[in-house]
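Let's take a friendly walk through a protein model together. We will look at its pockets and then at its salt bridges.

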Amino acid sequence: MAETLQKLILDSLDESGTIQDTRTLVIPGQQDPATSHEAQITILGALNSLLSREMISYDTHETSSHVLTPEGAQIVLEGSHEARVWAALPSKSEGNPMGVQELKKKVGDEAAKVGQGRAFKNNWIAKEGSGFVKAVAQIIDSTQLELREVESTESLQAGEKALAELRKRKLIVQRKGQWFTVHKGPSFSTSIAKLETDLTVEMLTSGAWKTASFKKYNFEADGIPTSGGALHPLLKVREEIRSIFLEMGFEEMPTNSFVESGFWCFDALFVPQLHPARELQDTFYLSDPSTSLTPPEAYYKRVAEVHEHGGYGSIGYRTPWSHEESHKLLLRTHTTASSASMLYKLAAKCRGEEIEGEGRELKSTVSLQVGEDGFRPAKLFSIDKVFRNETMDATHLAEFHQVEGVVADRNLTLADLIGFMRVFFKKMGMTGVRFKPAYNPYTEPSLEIFAFHPILQKWVEIGNSGMFRPEMLEPMGFPKDVRVHGWGIGLERPTMIRYGINNIRTLVGHKTPIESVENAPAVMF
């Protein structure tokens with residue numbers, strides 16, 4: 001049909017020189033002139049195709065018309081709401097006044113509600129007692145007359161003010177349209193030749209390019225959007241946080257062991273074996289294999305002793321030690337399990353031992369003096385996945401990322417920890433940070449870290465921090481004056497704050513729109 005319509009336009013131009021109004025054309029396959037909006041859109045497609053070949057040019061003319069809404073069409077047939085209310089009422093001197101309920105039964109709820117007010121405004125009806133009566137003997141239903149005029153002419157002689165009133169009452173709607181005046185173009189012809197879009201090797205070899213007609217390039221057209229990979233917002237924020245740690249002189253810990261034993265995840269951190277965090281409703285335990293290898297024997301005995309009987313200034317938990325509980329395999333609930341393992345290796349020289357692989361795992365970029373007792377200060381960090389048996393909601397997932405940092409040195413204080421955290425979060429662009437005293441089994445004192453979420457409009461907990469207890473550090477072999485700062489924050493919540501996301505399930509998981517990942521801007525702390 002497109003080619004037939006184009007041929008019709010070219011033949012009409014050839015015959016008359018100009019098509020003054022495309023509404024006079026009859027589209028092939030139809031009987032009536034193309035006066036409708038849809039018909040002119042079809043003609044526009046054919047005109048644009050011919051324009052690209054420079055065979056024609058055209059001028060556009062805008063039109064505006066009005067059509068009835070379903071309510072307006074009903075008024076044309078039955079009369080306006082106010083006229084129907086007037087017609088239903090008795091005359092002032094004939095019969096009893098009609099009440100509201102009876103009027104609704106006669107004309108309907110909508111007509112009674114709208115028509116009553118407009119009939120009062122026109123002084124067509126009057127109130128008598130608790131009912132209504134006619135105030136005039138005859139009326140002219142101007143609304144119905146105006147709508148009949150719009151139906152036949154698509155406009156009103158009364159002008160724009162009357163049309164605006166009908167539009168306001170939602171009895172008519174305005175419809176925009178267009179039509180075209182068509183002229184011959186510089187390459188006008190009644191025959192439509194196929195235009196070549198590419199210059200091929202065959203054309204160059206045969207010389208056919210000399211007589212071929214090529215389609216004109218449209219340099220204003222948008223190109224095809226490029227497709228490619230995109231970093232997830234979590235990965236962008238992860239890289240920024242990693243850069244901050246490295247800038248501050250930290251070393252990255254290996255954290256590629258998602259499965260840990262109860263010993264390294266809890267016992268080595270001085271978490272009691274009866275702690276609620278170790279129950280099934282909070283931790284994912286493995287069923288096959290279900291038990292781990294035995295940790296270093298001497299260290300294992302020191303940890304069991306401090307749990308059951310105390311030591312290093314502590315009375316311990318005074319509960320029986322369970323080897324079964326200590327050897328259970330689980331999905332780690334925090335990366336502090338990896339921190340404990342690295343601290344144990346760091347304390348090896350303090351114990352007078354050499355641990356295989358320590359040199360490869362910790363390659364310090366900062367020259368730090370090793371003490372006579374073998375202790376070397378360290379600043380370590382990790383960013384990796386952890387798993388908890390959480391009830392998922394807007395701010396919690398069962399699988400998420402933990403950012404963890406550890407600073408080990410002599411005679412550190414809580415003030416050092418708070419000062420460091422303020423500097424760290426300032427580099428992340430979070431100046432609204434609060435600390436609240438808290439309890440952790442393996443840190444004392446302990447602090448919860450809160451940041452303000454601008455969309456949720458509330459303070460959101462983003463992490464925990466504190467100073468590791470002597471019951472955890474001294475069994476590893478650290479000297480008594482060594483203190484270790486430890487803190488952990490979630491990666492997801494700072495990302496939500498930075499990107500203005502109020503539901504974590506739209507950041508990670510099956511509800512995450514791919515478009516949002518592709519269009520997410522780079523984040524800079």
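A pocket is an open set of grid points where a 1.4 Å probe fits, with protein on both sides within 12 Å along at least five of seven lines. Rolling a probe the size of a water molecule over the atoms shows where empty space is left. Keep in mind that this is a predicted model.

**The pockets**

How much space lies in the largest pocket? The answer is about 1000 Å³. Its lining is made of 41 residues, and those nearest the centre are Thr333, Arg388, Phe400, Glu461 and Asn464. Several elements give two or more residues to this lining: the strands S10 (399-410), S11 (433-440), S12 (443-453), S13 (458-468) and S14 (482-490), together with helix H18 (492-499). Strand S13 provides the largest share, seven residues. Sorted by class, the lining of the largest pocket holds 14 nonpolar, 19 polar and eight charged residues.

The second largest pocket has a volume of about 250 Å³. Here 15 residues form the lining, with Thr35, Thr63, Ser65, Glu154 and Arg175 nearest the centre. Helix H2 (37-52), strand S2 (56-68) and strand S5 (172-184) each supply at least two of the lining residues. Which element gives the most to this lining? That is S5, with five residues. By class, the lining of the second largest pocket has one nonpolar, nine polar and five charged residues.

**The salt bridges**

Now for pairs of charged side chains.

| Lys or Arg | Asp or Glu | N to O distance |
|---|---|---|
| Arg84 | Glu78 | 3.7 Å |
| Arg118 | Glu165 | 3.9 Å |
| Lys436 | Glu448 | 3.7 Å |

Take the pair Arg118 and Glu165, which forms a salt bridge. Arg118 lies in helix H6 (residues 109-121) and Glu165 in helix H8 (residues 160-168), so the pair ties together parts that are 47 residues apart in sequence. Arg118 is partly exposed, with a relative accessible area of 23%, and Glu165 is also partly exposed, at 34%. These two residues belong to a network of salt bridges that links Glu82, Arg118, Glu165 and Arg169.

Lys436 and Glu448 form a salt bridge too. This pair links distant parts of the chain, with Lys436 in strand S11 and Glu448 in strand S12, twelve residues apart. Is Glu448 buried or exposed? At 18% relative accessibility, Glu448 counts as buried, because buried means under 20%.

How values were computed: Residues are numbered from 1 along each chain as its sequence is written. This is a predicted model: local features need pLDDT of at least 70, side-chain atom pairs count only at pLDDT 80 or more; totals for chains, interfaces and linings use all residues. Side-chain values use heavy atoms; hydrogens and water are left out. On a 1 Å grid over the protein atoms alone, a cavity is a set of points where a 1.4 Å probe fits but cannot get out, and a pocket is an open set with protein on both sides within 12 Å along at least five of seven lines; lining residues have an atom within 4 Å of a point. Grid points are joined across faces, edges and corners, and a volume is the space filled by probe spheres set on the points. Helices (H or I, at least four residues) and strands (E, at least two) are DSSP runs, numbered from the N terminus. Ala, Val, Leu, Ile, Met, Phe, Trp, Tyr, Cys and Pro count as nonpolar, Asp, Glu, Lys and Arg as charged, and the others, Gly among them, as polar. A salt bridge is a side-chain nitrogen of Lys or Arg within 4 Å of a carboxyl oxygen of Asp or Glu. Buried means under 20% relative accessible area, exposed over 50%, partly exposed in between (1.4 Å probe, protein chains only).
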